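Here's a quick briefing for anyone opening this structure for the first time.

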Amino acid sequence: MSVGTAAPPAQAGFERTWQGHPGLRGWLMEVNNQPLGKRFMVTAIIFFLLGGVLALLMRLQLAVSDNDLLGPQVFNQLFTMHGSTMMYLFAVPFLEGLALYLLPLQLGSRDVAFPRLTAFSYWTYLFGGVLFYASFLVGVVPDAGWFAYTPLSGPRYAGLGVDFWLLGLSLVEVAGITAGVEILVTILKLRAPGMTLGRMPLFVWTMLVTGGMIIFAFTVLLTATILLELDRAAGMAFFDPERGGNSLLWQHLFWFFGHPEVYIAFLPATGIVSAVVAAFARRPVVAHVLVVVAIVMTGFLSFGLWVHHMFATGLPELAMHFFGAASLMIAVASGIQVFAWIATLWGARPDYRTPFLYLLGFFLIFVVGGMTGVMVAVVPFDLQVHDTYFVVAHFHYVLIGGVVFPVFAGLAFWLPKVTGRLLDERAGAASFWLSFVGFNLTFFPMHIMGFLGMPRRVYTYPATLGLDAHNLVATAGAFMIALGTAVFIGAFLHSLRRGRPAGEDPWQADTLEWSVSSPPPIFAFRRPPVARGRHPLWERGRPAAAVEAEHQRVTAALDAAPTTWRATLSTDPLTGAPQGVQWLPGPAMSPFLVALGLLIAAIGVVANLYILDLAGVVLAVGALARWLQPDEALLERLRQDPAPRAAGLPVFTTGAASTGWWGALCLVVILGTMFGALLYAYFYLSLFSDAWPQGGLERPGWGLAGPATGALLLAGAGLWGSRRAFHGGRRAAFVGLLGGSAAGAAAAAVLVLVELVRLPFGPGVNAYASAHFTLSGLAILALAMGTAVAAATTHRLERRLERRDAFDTLQLQVTTMLHGFALVAALATLVVLHTSPVLL
Amino acid sequence: MRSRGVALALLALALAGCPAEHPQSALHPASQEAGRIARLWWVMLGVYGAVTLATFALLAAALLRRRGAEAPGGGVRFVVVAGIVVPTVILVGMLFYSLRVSTALHLPEAAFTVRVTGFQWWWDVRYPDHDIVTANELYVPVGEVVRLELRAADVVHSFWVPNLHGKMDLLPEHPNQFWLRAEVPGVYRGQCAEFCGLQHALMAFDVVALPKDEFERWVAERRRPHPEPADDELRLGQEVFFSAGCNACHAVGGTDAVALVGPDLTHIGTRRTLGAGTVANTRGDLAGWISQPQVLKPGNLMPPTYLEPRELHALVRWLETLR
């Protein structure tokens, strides 16, 4: 499986196809998961170091009582940027980058499902992070906390810094969501033949659940940040109590994201731990199935805990105890994992090399953080320690112990695969001990500081609290952590030049990434591997089952093939049986351009230059159209290629067998979640209002909404009919029905727009008006998307109808999903907006 | 029930130690409420501390066992027992215990109500039953339940006096209910616990718990009208208060100053601190606060006041008579 030196012509063509373009242009057009995964991780580590420097400055300010080194303004900016950087710019992007790099290697795939989306995700992440930090250049740094509670973050109390925060964050959220889709579809569709769900490595399981969680949690946060920016930039009133808005609405939306966010960072970290534990114990993780159950359970439960961040807001007691009890259930899920690892290590006599040292650090710190976590979920106790340094201690034990230590274990474990070089063991051990001791010196005293009266987010504290000694120790510890991190990075840089070659499998580990050279070839696997069991590399000698002969035949046909286009095997989401040869795109500029358009639009909002918004949107939509435009010459080439035929697999698939269908499903779920979050906001506001509509506004009538509803229903019927016409090959009927459906959606959008324009009030008069306008606006945008997709599909399939194949069927399926969703969502919106004021 | 209450009160007393040494501590309770929560903490520390140590011991055993050994009871059974059964039993037991503590922490029948409103960055304190308005400090009678009606005037704040109780947020939308029941006389420091902007760190207050008779005396003294300025300097001080524009933001009971922008100064002479716990209320700091408030607490709403030394001295003296 290693890379040969003198490749025959076919192999040379295969390798050439997978090479990226040279130069700066090639760098911007890169779509392969390995370079992009590395970029994700390097960028995230740079932000991690920046966030660490901010933390050191904070610790200097807090080293002694009544200190005036930095002053309140700078301190508030520092803790806002520290928390935001670590949560949004480091933890999740790093783990997504690791997953994007590693998943294809672990799954036996040559790349991820949507390579161009990887590139888009990276660029939006980078642009969002740079926009965040650009606030330092302009001197208006965000200062409302990483949680940005309203009304403090609203237009009345916060300056331009919060706009930088919201817009930068929006871009990072888009990056996070798209990477989540990427991860989800890659895991479901691009596994090695024979890799059933039950044979998936635990790291992959954690990423599967995490990908799903990201889609819901980040979408809700994205919706919330958009609403807050509408309050700030467009004068809306969602969170303004003086105009019927509600500040607690922000807290609900934020923590609906914010709590899962913790597990979005923690679950992949447990996946890293499982991989390292298994490799160092040289045996499979004990109770694999229970661990999988625990991972899935954690994913679900994490969405039922958000209120435990709000125990002191005066919510009904019963609700609080419900959320408190749910928090205990998640502790059981963590317990299963912890004891599964202990059972795996029982009598395994592991080598205490750097990854394992960091793993032990994780164990000791995380267990303590887990215990304090169970404590803060207890309502009366939380009333005392909430928003104190006890909580600061708790979540640093969980996030540094539970995420950063596993990340460093994972770096020490996988860097040899990425760079081909081993880390120096002495430097690795030194960095571990400095970080571990420094960590406990920094954060253990904070438990006591919380009890002795130190609230969070204070830039100073009086000497009378008696906390000087604790704080000084904490500051000293923080610098020890910094030293430990510096030693690790030094060891890494040293290993790049002087490290011992790692070989394919330096740890004798079990998963597929250790079967290829280090660093892996850009296409990962010349011949797609076959998974014989849960631990492919430990089961090499096992006799092959009958089904494997078929898998071997398929993968042999794809050995160094196809040669003129990038492809990987697509397999059944449940059984891992081969389903098709999946075409993968090569270098492309459009992802970069779409991301650039979004950045320009975001800058336009921050700078109040709406001409920039227009330019940005035009650029983004134009580049997106080019991205999505099917290349007919390429499609023809794919149809003619011998490689898929040799493998006996189709090159185009439809429905759940195709990646495109799953991608469209994810988009529908994301848009549905946005509508859901907005409807939640609408009903939450109405629940806490004396009258609905607020402020004696007139109820919306059916004058225009009635015809709009009719247009939507007709458009739905047209869409349904067009599918029958397509499969029946009736061209005129197909064009009339799908084209008519697009026109119906457009007509409905125009009617809704006219209704908005004719309303006697604007979106800023009160929260009801804001919610009404925003929901209608989202419906209009959805209908615009549906119309565009349906029109483009009508146009293309009209010419393809007689020669229609699976690709065309898939296009119609995707169109049906997106256009159909737009019609349903708009219909639901109209019904809610026009009936709830009457019913409530 | 009563005997347990007494026992808890005694426990609270025992734990209270010297409030002056720990003026803002959740582990030195001076009330039943804080005492119950502190005891909950010690119980949880015992139980979960033991669980932590047991987990570490199992990890150590795992790492030290001879090569090839299997976890006690076999791998899967070990995970089921140690990871599911034992934690569930412990967590359910602790859940029932904590629910009992919660039930004991219901708002009891109150002697009277105090309205506390959070501003950036100070506390407006009103006793509607006693017709007293003050700021940044609460006087309460020992042994009686004082109901608090908490509300924010601008952004979210949180009311927290750890020696006496947990915390409760002040929201701009609607008032939240809370209460204090000090069992031990003393001065307890409280502080805003929800980040509320630039000077969140300097938004403190004192709760002064007085024996009941002393509290009655405190009420009576506060309700007595201020005496007329007794000498020329005091008359000048009062004049300066109006001519320098202090009355544009501050109210003084019994005068024409009724503004609500800044803290009510009716009893400024008895106030323990200035600037919501920023500095002690001494003559020097009061003068400093009036002339340079932005030095002591940057970002607060009060502008510097430029006065002749004679005027400043007179103003400070007059303010000191407002008791």
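**Salt bridges**

In chain B, the side chains of B:Glu33 and B:Arg181 come together in a salt bridge, at 2.6 Å from N to O. B:Glu33 sits in helix α2 (residues 32-64) of chain B and B:Arg181 in the loop between β8 and β9 of chain B, so this pair ties together parts that are 148 residues apart in sequence. Keep in mind that this is a predicted model.

- Both partners are tucked away: B:Glu33 is buried, and so is B:Arg181.
- Searching the whole structure turns up 29 salt bridges over all chains.
- One salt bridge joins the side chains of A:Arg457 and B:Glu194, with 3.8 Å from N to O. That pair crosses between chains: A:Arg457 is in the loop between α14 (425-451) and α15 (468-498) of chain A, while B:Glu194 is in the loop between β9 (186-191) and β10 (204-210) of chain B.
- Are these two buried or exposed? A:Arg457 has a relative accessible area of 11%, so it counts as buried, because the cut-off for buried is under 20%. B:Glu194 is buried as well, with a relative accessible area of 2%.
- Within chain A, the side chains of A:Arg532 and A:Glu548 meet in a salt bridge at 2.8 Å, N to O. This pair links distant parts of the chain, 16 residues apart: A:Arg532 lies in the loop between α15 and α16 (546-557) of chain A, and A:Glu548 lies in helix α16 of chain A.
- A:Arg532 is buried, and A:Glu548 is too.
- Chain A also has a network of salt bridges, which links A:Glu632, A:Glu636, A:Arg639, A:Arg796, A:Arg800, A:Asp805 and A:Asp808.

**The sheet in chain B**

- How are the strands arranged? Five strands of chain B make an open sheet in the order β3-β2-β1-β5-β8, and the pairing is mixed.
- The edges belong to β3 and β8 (176-180) of chain B; each has a single partner strand, so one side of each is left without a neighbour in the sheet.
- From one strand to the next, the twist averages 25°.
- Helix α4 (residues 212-223) of chain B lies across β1, β2 and β3 of chain B, and runs at about 100° to β3(B).

**A closer look at strand β2(B)**

- Strand β2 (residues 122-127) of chain B is mostly covered, with five of its six residues buried.
- On one side, β2(B) runs antiparallel to strand β1 (residues 112-119) of chain B, and five bridges join the two. B:Gly118 has B:Trp123 in β2(B) as its bridge partner.
- β1(B) and β2(B) make a hairpin, with two residues between them.
- β2(B) also pairs with strand β3 (residues 132-135) of chain B, in the antiparallel sense and over four bridges. Here B:Tyr127 stands opposite B:Ile132 in β3(B), and B:Val125 stands opposite B:Thr134 in β3(B).

- Where does a cis bond turn up in chain A? The peptide bond from A:Trp692 to A:Pro693 is cis, with omega near 5°. A:Pro693 is in the loop between α21 (659-687) and α22 (705-728) of chain A.
- Chain B has a cis peptide bond from B:Gln120 to B:Trp121, with omega near -5°. B:Trp121 is in the loop between β1 and β2 of chain B.
- A:Arg282 is not a glycine, yet it has a positive phi of about 55°. A:Arg282 belongs to the loop between α8 (247-281) and α9 (288-301) of chain A, and is partly exposed, with a relative accessible area of 39%.
- A:Asp387 is a residue other than glycine with a positive phi, near 60°. Its place is the loop between α12 (379-385) and α13 (389-419) of chain A, and at 3% relative accessibility A:Asp387 counts as buried.

Methods. Residues are numbered from 1 along each chain as its sequence is written. Chains are lettered from A and ligands numbered from 1 in the order in which they are written. This is a predicted model: local features need pLDDT of at least 70, side-chain atom pairs count only at pLDDT 80 or more; totals for chains, interfaces and linings use all residues. Side-chain values use heavy atoms; hydrogens and water are left out. Buried means under 20% relative accessible area, exposed over 50%, partly exposed in between (1.4 Å probe, protein chains only). Two strands pair if DSSP finds at least two bridges between them. Axes are lines fitted to C-alpha atoms, for helices over the stretch in contact, and angles run from 0 to 180 degrees between N-to-C directions. Contact means heavy atoms within 4.5 Å. A salt bridge is a side-chain nitrogen of Lys or Arg within 4 Å of a carboxyl oxygen of Asp or Glu.
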